[in-house]
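Trainee: I have this one open and would like to go through it piece by piece. Start wherever you like.

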Amino acid sequence: MNDPVKASSRSDEAKNLISVVVIGYNIEKFVNECLDSVLAQDYENFEVIFVNDGSTDNTKALAEKYLSDPRFKLINKENGGCVSARKAGVKIAKGEYIMFVDGDDWINTDMLSNLAKFIGDDKPDIIKSNFYSQKRDKRFKEEGGMKDLTACENDEYFKLIMSHKIAWNLIATLYKREFILNAGFLNYPETGMGEDLMASCFFGLHNPKVKFAGSCDYYYRFNSSSATKKGGKVLLEESKTLRHMEDYVKKINLYEKYKSIVDYQWIVAFLRHMCANIPVSRKIENMHNMRPHMKNFMRNEYSRECYKNLSLRKRFIFNVYYHAPYLMYVLEPFLNPPIVVKNAIESIMRVFSGQN
């Protein structure tokens, strides 16, 4: 029979515990900066679970040096991608709340404290904040879209995520462990692109109570070698992810209610691929997979509004790819110059505008 005193003690300890799940694959250049920033938190009661997702470089050896810290745990697994790595961390997490960190990013020392302030007595399911995102020119810009938000509940979070009014990234967020387990996180499909959008979509369909923190303490690094931050064949995975989302909404009999906003994800992905720095042949292949899901897109309130907000140039590119994609073999060099040229032009413009 369990000792009620000991059981209560364990419960009280876990009550304020935050589990930080850090995932990494071949990040030897960044792992020390990331783990140092997490372990330096001024919040007292937390654990760090680093999931080495089958790295072939020196990541594992560097992570092992932190094992002397009793707050640190290391999981070594075969490479399976972000979703499987996060699942591995969640499975052994003991905290009442979980925060996900990408191993090539870093956080301010007061991040956990700033988010934990919002836990309170009502224990929200999600506590979300903005983050700093690094661009190709190495500058950081605050993103997230949550400055003017304080809280939401029911399906409001789902709509904010799916209308792309707030960031759908899983980073810079505290999740109540009980909530994401009840939402089926450990059974989510293990996709290679768009996994954060998918998870946020699924979370939103479970009517979470959400609080938005006004802090911004997470630094999302632009790492061109990361599979989650570059184009190529991995973009084909996004179509699979969107199908998973569509199938899930249908499975719980909410597709008719949310059809417009679910279908809207296809046009957003189409636009993202249209501007990606990948070969035209790959873009046409990706878009060919998406096009059947975009019929009558101008009748969709979300898609129509998105299209109206496009520049004339992007509207033109969109229509060519949508109606006569093979024409882009000729037009692409003029309409979408190589990223190197784009960066050079942007740098020159900054010099002349005084933005050094």
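**Strands, confidence and surface**

Trainee: Which residues of strand E9 (residues 173-176) are on one side, and which on the other?

Mentor: Thr-173 and Tyr-175 lie on one side of E9, with Leu-174 and Lys-176 on the other. These residues are all buried, leaving both faces of the strand covered. Buried is under 20% relative accessible area, exposed is over 50%, and partly exposed lies in between, with a 1.4 Å probe and protein chains only. Strands (E, at least two residues) and helices (H or I, at least four) are DSSP runs, numbered from the N terminus.

Trainee: Before I go on, what kind of model is this?

Mentor: This is a predicted model, in which local features need pLDDT of at least 70 and side-chain atom pairs count only at pLDDT 80 or more, while totals for chains, interfaces and linings use all residues. Residues are numbered from 1 along each chain as its sequence is written, and side-chain values use heavy atoms, with hydrogens and water left out.

Trainee: Back to E9. How many bridges does it have with strand E4 (residues 97-102)?

Mentor: Three, in the antiparallel sense. Strands pair here if DSSP finds at least two bridges between them. In this pairing Met-99 stands opposite Leu-174 of E9.

Trainee: And in which sense do E9 and strand E6 (residues 126-134) run?

Mentor: Antiparallel, and they are joined by three bridges. Lys-128 is opposite Thr-173, and Ile-126 has Tyr-175 as its bridge partner.

Trainee: Why call E6 enclosed by the rest of the structure?

Mentor: Because eight of its nine residues are buried, E6 is largely enclosed.

Trainee: Which other strands does E6 pair with?

Mentor: E6 pairs with strand E10 (residues 210-220) in the parallel sense, over six bridges. Ser-133 stands opposite Tyr-220 there. E6 also runs antiparallel to strand E7 (residues 140-143), with four bridges joining them, and Tyr-132 has Glu-142 of E7 as its bridge partner.

Trainee: What about the hairpin of E6 and E7?

Mentor: Five residues sit between the two strands, and Lys-138 takes a positive phi near 80° in that hairpin.

Trainee: What does Glu-142 do with its side chain?

Mentor: Glu-142 meets Lys-147 in a salt bridge at 3.9 Å, N to O. The criterion is a side-chain nitrogen of Lys or Arg within 4 Å of a carboxyl oxygen of Asp or Glu. Lys-147 is exposed, with a relative accessible area of 65%, while Glu-142 is partly exposed at 30%.

Trainee: Now Asp-69. Buried or exposed?

Mentor: Asp-69 counts as buried because its relative accessibility is 18%. Its side chain meets that of Arg-71 in a salt bridge of 2.8 Å, N to O. Arg-71 is partly exposed, with a relative accessible area of 27%.

Trainee: How many salt bridges does the structure hold?

Mentor: The structure holds 19.

Trainee: Changing topic: where does pLDDT stay under 50?

Mentor: Residues 1-13 are one such stretch, and the model has one contact for them beyond four places in sequence. Another is residues 226-231, with 13 such contacts. Contact means heavy atoms within 4.5 Å, and pLDDT is the predictor's confidence in each residue, from 0 to 100. Where pLDDT is low, predicted coordinates should not be read in detail.

Trainee: What is the mean pLDDT?

Mentor: For the protein chain it is 88, and 87% of the residues reach 70 or more.

Trainee: How many helices and strands are there?

Mentor: The protein chain has 15 helices and ten strands. It is 356 residues long, and 51% of them count as buried.

Trainee: Last topic, the surface. What makes up the nonpolar patch?

Mentor: Tyr-326, Leu-327, Tyr-329 and Val-330 make a nonpolar surface patch of about 450 Å². Patch residues have over 30% relative accessible area and no salt bridge, with like charges joined within 9 Å and nonpolar side chains (Val, Leu, Ile, Met, Phe, Trp, Tyr) within 5 Å. Areas are Shrake-Rupley values with a 1.4 Å probe, and for residues only the protein chains shown count as cover.

Trainee: Where is Val-330 found?

Mentor: In helix H14 (residues 328-335). Val-330 counts as exposed, at 54% relative accessibility.
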